[in-house]
Amino acid sequence: MLTKQQIAQRIAQELQDKWYVNLGIGIPTLVANYIPEGIDVEFQSENGLLGMGPFPIEGTEDADMINAGKQTVTILEGGSLFDSAMSFAMIRGQHVQLTVLGAMEVAQNGDIANWKIPGRMVKGMGGAMDLVASADNIIVAMMHTNKRGESKILKECSLPLTGVGCVKKIVTNLAVLDVRDNSFYLLERAPGVSVEEIQQATEGSLIVEGEIPEMQF
Amino acid sequence: MINKVVKNVEEALDGVASGMEFMLGGFGLCGIPENCISELVKREVSDLTCISNNAGVDDFGLGQLLQKHQIKKMISSYVGENDEFERQMLSGELEVDLIPQGTLAERCRATGAGIPAFFTPAGYGTEVAEGKETRDFNGKMHVLEHAFNPEFAFVKAWKGDTAGNLIFKGTARNFNPMMAMAGKITVAEVEELVEVGELDPNQIHTPGIFVQRIFQGKDYEKRIEQRTVTPKS
């Protein structure tokens, strides 16, 4: 079973040279720590920053330089700053090649729910609805099951949707899945996790074709 | 040059009244009009509709207006950092319109740009699109979203000149430029107010035409919401 760091590390393998990438809050943020060698990517933060760098050295943090999670960050040489309308023009206009975000539920038709639990959690969708509606390439980073052991990889989402038919790939603590043809296709297993364990943790239709390799790190 | 300077925040908020619709710049606590918010708290205006990406934290930013029950309706994209907000929303005391962040930014921009409505793919198939016109463009579904109509917009800039030209710093720009365009009366508070000629016209983010009142702000706290650092090695 993968740790959150390993989920991020596996997603980082999907990065391609010269991509602009938007990372959501939580596990997705960690992807920035595992950029493969020889690959140049730039991180876009939807509050108005391209070329986002690491956290500032203690004592140099600046209240006017934060990421979308409201954390103090830095800007790299060659980075740029802009307003929120231009930021979402980059996103809606598909100038950002990859979006990585978390989810509470994903359905086999690509629907995603990650912003609201009716009557309980009211936080808002932030930029997630704009991101999932427009991005060509979305990878979801999530735990395969919830704290009660129930599957979050579903036939249909039960929570209010963030977007419809938009998720193409999922990396969980158990597996890498492709989402197409109204099914989840099992591509890779986490080290030491069996196909049967993944099947048990998956409520949606899971397609297993041939030998399923273990993830390589 | 047309002079936009007002003496202080009291003069800048002349005409503000209960029941009005306001826009307030900022993302989280970054780039919020601190002086204007404090003055709104002091004036005890109520039944306000506030359009702002976030709602502050419990004791700072728009949280101060929420604590005093001055806000009737919030229009935001994300309000996760504010317990009092969540309590008021779940109990039904506070009306809340949660909308996608890019849609919020574009609705602000549209307001100031004379565009009454536009189509966006964001929110199609979700509860955000309920009751709204939808349309297929190039095989993809879109939702019709409308401009706002705020009486006042309150924005915060790093530097401004007496003609109302504004320059923002870092990610404190965020929603401020679009909201500056959108107010019937736009009030800009700045960390540093300078004479005309001192700002390079090539570097102006918001031209003074959009700003009706500008004043030198004071006592900026610029609170950091999530202080994340790399330890000194």
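Contact here means heavy atoms within 4.5 Å. Keep that cut-off in mind for each stop below. The model is a predicted one.

**Stop 1: a residue in chain B**

Select B:V41. The residue sits in helix 2 of chain B, which spans residues 34-43. Is B:V41 buried or exposed? Its relative accessibility is 13%, so B:V41 counts as buried; the cut-off for buried is under 20%.

Now show what surrounds B:V41. Skip the neighbours within four places in sequence, and the contacts of B:V41 are B:Q64, B:L65, B:K68 and B:Q70. Pick B:Q70 from that set. B:V41 and B:Q70 are 29 residues apart in sequence. In space, their C-alpha atoms are 7.9 Å apart.

**Stop 2: a sheet in chain A**

Turn to strand 6 of chain A, residues 105-107. Strand 6 runs parallel to strand 11 of chain A, and two bridges join them. For one bridge, select A:V106: its partner in strand 11 of chain A is A:I153. Display the backbone for this view, since strands of a sheet pair through backbone hydrogen bonds, either parallel or antiparallel.

**Stop 3: where chains A and B meet**

Show both chains. Select the residues in contact: 47 come from chain A and 51 from chain B. The area buried between chain A and chain B is about 4,100 Å². Carbon and sulfur atoms give 59% of that area. Which residues of chain A lose the most area to chain B? Pick A:D64, A:K70 and A:V122, which together make up 19% of what the chain A side buries.

How many salt bridges cross the interface of chain A and chain B? The rule finds five. Zoom in on A:K116 and B:E127: their side chains meet in a salt bridge, with N to O at 2.7 Å.

Finally, colour the chain A side by element. Helix 3 (84-92), strand 9 (121-122) and helix 4 (128-134) of chain A each give two or more residues to the side that touches chain B. Then colour by residue class: that side of chain A divides into 21 nonpolar, 14 polar and twelve charged residues.

Note on methods: Residues are numbered from 1 along each chain as its sequence is written. Chains are lettered from A and ligands numbered from 1 in the order in which they are written. This is a predicted model: local features need pLDDT of at least 70, side-chain atom pairs count only at pLDDT 80 or more; totals for chains, interfaces and linings use all residues. Side-chain values use heavy atoms; hydrogens and water are left out. Buried area is the accessible area (1.4 Å probe) that two parts lose on being put together, summed over both. A salt bridge is a side-chain nitrogen of Lys or Arg within 4 Å of a carboxyl oxygen of Asp or Glu. Helices (H or I, at least four residues) and strands (E, at least two) are DSSP runs, numbered from the N terminus. Ala, Val, Leu, Ile, Met, Phe, Trp, Tyr, Cys and Pro count as nonpolar, Asp, Glu, Lys and Arg as charged, and the others, Gly among them, as polar. Two strands pair if DSSP finds at least two bridges between them. Buried means under 20% relative accessible area, exposed over 50%, partly exposed in between (1.4 Å probe, protein chains only).
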